[in-house]
Amino acid sequence: MVEPRRMAAVTAGPTARGAARPRRTLWRDRRRALGGLALHRAVVGVPMLAGLSGLVFLLADRSPFDPLAAHLGARYQQVSAEQRESLSGALGFDAPWWQAWWAWVGDLLRGDLGWSRVYAMPVSEVFAERLPWTLLLSGTALAGAVLAALLLGTAAGLAPGGALDRAVTRTGVLVQAVPPFVLALGSVTVFAVLLRWAPVAGAAEPGEPHTAAGVARHLVLPAVTLALTQLPWALLAVRTAVARATGSEAVRAARARGLTPARVVAAHVLPVSLAPLATIVGARLPELVVGAVLVEEVFAWPGLAGAVVGSAQALDFPLLAALTVATTAVVLVGSLLADAAYLLLDPRVGTDA
């Protein structure tokens, strides 16, 4: 993690005493710190992903679900015990979990993600078809949540204790207490079923092709719902940072120099408030992933959520392992980017990487 600490002043001699560190030296130190942080995360992250993939195979092997029953479906009861045993051996269901995992790792190192039994296609094609939809929904929701947090949090923090501040704080706490699936179901019930302001599900009307206008219309409600699940923590973080910065000596000195309120906010308040926002966004990425799965399922969005549920129910080992590793890698990379942004935004920050 990135931890705040004051950087030591460089006092090489009488002429350097009290002088600020040169900008070139500062950026060189920042780049060095970023390189060390990335290397540290890679050293920790790669073994973590490998262990996580093995854990997926182990837990799936201990699952009460029968992969052969999921594979055969309604035909399972029509197949004799001998035929079931033969099919399990042919499909590799009777292999030890560690053997199946090792075979999957070997295929992965050769660039082969395996074959999905659920979708009857390579796992890479499942990702190619569904990942863009998940990225569209998650990216839109995250961008909306960050923008709303900056606008509302800044407005509330500039007038702490005021009517807007109280309303924003109480609403944020209330929304945070509502589980994402309840929020999603409530949005469908109110805005799609009762008011009919938005489509109920999917990314297009049944039987119609995907168009930019149709996708945008279907995207609004799930994206807003997912953004609301991410907004409270970011909003409260910005509000607190802005309120603290507003009462700082630097801001009071800027006002005393006659700077306009807009200039004070842009030059002295917002830069200090962006670093906590970056940290909160990075820390809440796992919740964004979980929230995206729930929202996609409720709104029948054609993303990876359906593949996650289907692969877990059918014990589709290659697809389940690939999805788990991919989502974990996204969280790790997102956390790294958030810490890197914090490192760049706040010159007082160092890293213990």
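Trp-197 is exposed, at 62% relative accessibility. Buried means under 20% relative accessible area, exposed over 50%, and partly exposed in between, with a 1.4 Å probe and protein chains only. Before I go on: this is a predicted model, where local features need pLDDT of at least 70, side-chain atom pairs count only at pLDDT 80 or more, and totals for chains, interfaces and linings use all residues. Residues are numbered from 1 along each chain as its sequence is written, and side-chain values use heavy atoms, with hydrogens and water left out.

Now the aromatic pairs. Rings of Phe, Tyr and Trp (its six-membered ring) pair if their centres lie within 6.5 Å; planes under 30 degrees apart are stacked, over 60 edge-to-face, and the rest tilted. This rule gives five aromatic pairs. In one of them, Trp-101 and Trp-102 have ring centres 6.0 Å apart and planes at 55°, so this pair is tilted. Trp-102 is exposed, with 59% relative accessible area. Phe-191 and Trp-197 also make a tilted pair, 5.9 Å centre to centre with 40° between the planes. Phe-191 is partly exposed at 33%.

Which residues make the nonpolar surface patch of about 670 Å²? They are Val-190, Phe-191, Val-193, Leu-194, Leu-195, Trp-197 and Val-200. Like charges are joined within 9 Å, and nonpolar side chains (Val, Leu, Ile, Met, Phe, Trp, Tyr) within 5 Å. Areas come from the Shrake-Rupley method with a 1.4 Å probe, and for residues only the protein chains shown count as cover. Leu-195, partly exposed at 39%, is in the loop between α7 and α8. Helices (H or I, at least four residues) and strands (E, at least two) are DSSP runs, numbered from the N terminus.

Next, the inside. A nonpolar core is a set of buried Ala, Val, Leu, Ile, Met, Phe, Trp, Tyr and Cys residues joined through side-chain atoms within 4.5 Å. The largest has 22 residues, and Phe-299 is among those with the most contacts inside it. Helices α5, α7, α8 and α11 each supply at least two residues of this core, and α8 gives the largest share, six.

Last, charges. There are six salt bridges. In one of them, Glu-205 meets Arg-217 at 3.5 Å, N to O.

Note on methods:
Patch = residues over 30% accessible without salt bridge, like charges linked within 9 Å, V, L, I, M, F, W, Y side chains within 5 Å. Salt bridge = Lys/Arg side-chain N within 4 Å of Asp/Glu carboxyl O.
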